[in-house]
Amino acid sequence: HNFVLFPTAMLHGDPFLDNVVVSPNATMAGFVDWEDAAVGPRLIDLACAIVGCCYRTGRLVCEYEWMEALMHGYSERIHLESGEVDAMADAMQGALLCNAFFRYRQFNVRFPNNPRMANSHQELVDRLLSLDAPEHRRRVSVACR
């Protein structure tokens, strides 16, 4: 997929749950920590949000019901083009690869004195590889429609 041809938007750059703030009555939510913000293919941030919010710890397979809920909320404002839907599994793999690299570098190169975290990148690599299975790619595509 040629991601540069997809629609662009302002990207948060780190759309994970630890960067979401929700009001006490849950009527408002928003992102904090905008230091990685950039303009780019909107699919990238969406794939990162799915990777960061739609997996249970220790599970290799996405919680597709969570992904469908996220996509339902997203699609109330923005409709994905068919090419973006087709590229979502690849974008998710890219997000997993980036985060696996970050964890590897963080806990094996920069701060190697935390043996509990030394292999934390492996879970993300395993998730990435699980997305190669045709059934999982199909489920991702269905969840995005």
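In which kind of crossing, left-handed or right-handed, does helix 3 pass helix 5? In this predicted model, helix 3 passes helix 5 in a right-handed crossing. The axes of helix 3 and helix 5 lie 8 Å apart and pack at an angle of about 120 degrees, which makes helix 3 oblique to helix 5. On the side of helix 3, the residues that meet helix 5 are Val-85, Met-88, Ala-89, Asp-90, Met-92 and Gln-93, and their counterparts in helix 5 are Arg-137, Val-140 and Ser-141. By residue class, this contact of helix 3 with helix 5 divides into 5 nonpolar, 2 polar and 2 charged residues.

The packing of helix 3 with helix 4 has its own geometry. Helix 3, which spans residues 82–110, and helix 4, which spans residues 120–130, have axes that come within 8 Å and cross at roughly 165 degrees. Because angles over 145 degrees count as roughly antiparallel, helix 3 is roughly antiparallel to helix 4, and the crossing in which helix 3 passes helix 4 is left-handed. Helix 3 contributes Gln-93, Leu-96, Leu-97, Asn-99, Ala-100, Arg-103, Tyr-104, Phe-107 and Asn-108 to the contact, while helix 4 contributes Ser-120, His-121, Glu-123, Leu-124, Val-125, Arg-127 and Leu-128. The residues of this contact of helix 3 with helix 4 comprise 8 nonpolar, 5 polar and 3 charged.

Within helix 4, the buried residues are Ser-120, His-121, Leu-124, Arg-127, Leu-128 and Ser-130. These buried residues of helix 4 pack against helix 3 and also against helix 5.

The largest nonpolar core holds 31 residues, of which Ile-50, Met-67, Met-88, Met-92 and Val-140 touch the most other members. Two or more residues of this core are given by each of helix 1 (42–53), helix 2 (64–75), helix 3, helix 4 and helix 5 (134–143), and the largest share, 9 residues, comes from helix 3. Among the core members that touch the most others, Met-88 and Met-92 of helix 3 and Val-140 of helix 5 also take part in the meeting of these two helices.

Definitions and conventions:
Residues are numbered from 1 along each chain as its sequence is written. This is a predicted model: local features need pLDDT of at least 70, side-chain atom pairs count only at pLDDT 80 or more; totals for chains, interfaces and linings use all residues. Side-chain values use heavy atoms; hydrogens and water are left out. Axes are lines fitted to C-alpha atoms, for helices over the stretch in contact, and angles run from 0 to 180 degrees between N-to-C directions. Helices (H or I, at least four residues) and strands (E, at least two) are DSSP runs, numbered from the N terminus. Angles under 35 degrees count as roughly parallel, over 145 as roughly antiparallel, 65 to 115 as roughly perpendicular and the rest as oblique. A crossing is left-handed if the near helix is turned anticlockwise from the far one by less than a right angle, and right-handed if clockwise. Contact means heavy atoms within 4.5 Å. Ala, Val, Leu, Ile, Met, Phe, Trp, Tyr, Cys and Pro count as nonpolar, Asp, Glu, Lys and Arg as charged, and the others, Gly among them, as polar. A nonpolar core is a set of buried Ala, Val, Leu, Ile, Met, Phe, Trp, Tyr and Cys residues joined through side-chain atoms within 4.5 Å. Buried means under 20% relative accessible area, exposed over 50%, partly exposed in between (1.4 Å probe, protein chains only).
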